[in-house]
Amino acid sequence: GCDWNCPLFFYDYDQAQQSTKDVLNAWTKWELQQGIKGLRMDAVKNFDPAYVGQLMTYLYDQGTTPEFVVGEYFDYSPSALKGWVDAVYGNMSAGASAAIKVRAFDFALRGSLKSACDGGDVRNVFEGGMVDGAGANSANVVTFIDNHDLRKDGLAIQQDAALAHAYILTNNQIGAPCVFYPDYYGGVVSGAPNIMLKNRINALNALHKLYIYNSPDVEYLSRYNTPYPQFYVANGNNSGPEKTLIYQLAPNGSGKNVIVAINFSDNPMDMYQRISTAWGATGGTLFTDVLGYSSTPTTTITSPNNEIHVLLPAHSYTVYVEGINAPLAVELLDFQATAESASILLDWKTTTEKDFSRYEIERSAGDANHFETIGTVAGKNAENGAAYQLRDIKPVFNTPLYYRLRMVDTDGQASYSPVRQAQIQRRALQAFLAPNPTIGDSELLLQTAQTQEVKLVLTNTLGQVVFSRQYTLEAGQQRLPLPTAQLPNGLYYLVIQSVAETQTLPIQKN
């Protein structure tokens, strides 16, 4: 028997003590103020979820709400994982609960996927995980395949990891997917095969953005006791229902049904699958294999049985998208907008290009509603894809900038990339502390281009205010004294607040 706060990791760390809470709360707030966007909390199974709940409430009350919070609760029970999330929310204020999404890594789903890869009945995947196994909200779930704790003692997935990744990257109803670094870039990790899935994951991400993101629902066509009949061609060398995952996603903004087929078998798949017509796909509707991994580049819904014909190699997967008459002239892998010192770097990559003309780069300042063309880049028509760059050398400073690619085929047809946002923040106020560290009083040097109101707030590491004062600054350089001589030795933080920005500077008193 051991309570929440016993020293399981060789230290006695008691989050039930108020002094411990105060220090951890203040430290977490400071981390977020430095630009950290989220929190990944380790081993949350070993301390009281009430502490996490009060931490979220404290951060919300302090105006430092994290964008992303996920806890590692190492347990394969979906109800236990959901229970931790529920317990955290049960100890949060109403405001914090509405503002912060607290998530848990879905070890239960990962366990079901490992079993599928190791030879078990893959249909269990449809009943595993926090969402399908315990009714959790997908907004409170992070799905994954491997991590640092699972790469030892036979815990790593030894084969078909690509198929498991295909599932979490195409099923948007089960949580936010997370990819382990070595699975993407490759690398030798003890106890695990050396794989590099970068190109496959990039292709799945690009497809997800176009046809799956914001899909409102999924139908598990090949589940146990399915109302959607399957027929496997009797040829003596075929997969079977226990090795097959087939599911259908409702149309997102693209208006297209999506069907995913994954074959875990050592044998090829040759089968007919009835699909749902509830979302508008009926007899005669054409579906195209947008990844090109199957033996059927296109398949059409038959009448009156509403079936599609699926042929897949062993240990493979693919994605069929409704209403595309031919593969895309260009398949976009990635598109990024990166703010630099005085420009925005736009770079993008493709998997394939065929009969493709050009990229028109469009920008909208302030919102994503008023795009104008700022440049054009000719397509390379590279069969295996290509990389591109364009630099926006005349950005609007201190304003959100939105970018997209208008991708034009040689026949004049055009499609758009996802929108990317970037911003270059030019400080209206330059600040410098001297001396720092200090043994007496210190001085704040400020340079401003215009008259403005500034508030100085000095806090200790617990977040307690030890000095606060308001100033009206004239344009030019100013020197403002800081009464640090009478303060106890230690680390302090000076927060400089103006109308346009907030800066935080550390200062050490010795």
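How many aromatic pairs does the structure hold? The structure holds 22 aromatic pairs. Here, rings of Phe, Tyr and Trp (its six-membered ring) pair if their centres lie within 6.5 Å; planes under 30 degrees apart are stacked, over 60 edge-to-face, and the rest tilted. This is a predicted model, in which local features need pLDDT of at least 70 and side-chain atom pairs count only at pLDDT 80 or more, while totals for chains, interfaces and linings use all residues. Residues are numbered from 1 along each chain as its sequence is written, and side-chain values use heavy atoms, with hydrogens and water left out.

Start with a stacked pair. Phe126 and Tyr220 lie 4.2 Å apart, centre to centre, with 15 degrees between their planes. The pair links distant parts of the chain, 94 residues apart. Phe126 is in the loop between α5 and α6, and Tyr220 is in strand β6 (residues 218-220). Helices (H or I, at least four residues) and strands (E, at least two) are DSSP runs, numbered from the N terminus. Phe126 is buried at 5% relative accessibility. Tyr220 is buried too, at 9%. Buried means under 20% relative accessible area, exposed over 50%, and partly exposed in between (1.4 Å probe, protein chains only).

Now take a tilted pair. The ring centres of Tyr181 and Tyr185 are 4.8 Å apart, and the planes meet at 40 degrees, so the pair counts as tilted. Both residues belong to helix α8 (residues 181-185); they are four residues apart, about one helical turn. An α-helix has 3.6 residues a turn, so residues three or four places apart point the same way. Tyr181 is exposed, at 57%. Tyr185 is partly exposed, at 42%.

Aromatic rings also gather in a group. Phe74, Tyr76, Phe105, Phe107 and Phe144 form one aromatic cluster. Charges meet rings as well. Arg200 lies over the face of Tyr293, 4.6 Å from the ring centre. Lys380 has its charged end over the ring of Tyr388, 4.8 Å from the centre. A charge sits over a ring if NZ of Lys or CZ of Arg is within 6 Å of the ring centre and within 35 degrees of the ring normal.

Phe107, from the aromatic cluster, is also a buried residue of α5. Helix α5 covers residues 107-117, and nine of its 11 residues are buried. Leu109, Leu113 and Cys117 are among them. What covers these buried residues includes α3 (78-89), β3 (102-105), α6 (129-134), β4 (141-143) and α7 (161-170). At the N-terminal end, Asp106 caps α5: a side-chain oxygen lies 3.3 Å from the backbone nitrogen of Ala108. A polar contact is a pair of N or O atoms within 3.5 Å; within protein, one must be able to donate a hydrogen and the other to accept it, and residues adjacent in sequence count only if both atoms are side-chain atoms. Just after α5, Gly119 has a positive phi of about 120 degrees.

Helix α7 is itself largely enclosed by the rest of the structure, because 10 of its 10 residues are buried. Its buried residues include His165, Tyr167 and Thr170.

Next comes a sheet. Three strands form an open sheet in the order β23-β24-β27, with antiparallel pairing. Strands β23 (429-434) and β27 (476-482) stand at the edges, each with a single partner strand, so one side of each has no neighbour in the sheet. Strand β24 (residues 442-448) pairs with β27 over seven bridges. Two strands pair if DSSP finds at least two bridges between them. Ser442 stands opposite Leu482 in β27.

The loop between β23 and β24 holds Pro435 and Pro437. Which peptide bonds are cis here? The one from Ala434 to Pro435 is cis, with omega near -10 degrees. The one from Asn436 to Pro437 is cis, with omega near 5 degrees. Most residues other than glycine have a negative phi, and most peptide bonds are trans. Two asparagines have a positive phi: Asn225 near 55 degrees and Asn306 about 55 degrees. Asn225 is in the loop between β6 and β7 (230-232) and is exposed at 79% relative accessibility. Asn306 lies in the loop between β12 (298-300) and β13 (307-312).

Note on methods:
Contact means heavy atoms within 4.5 Å.
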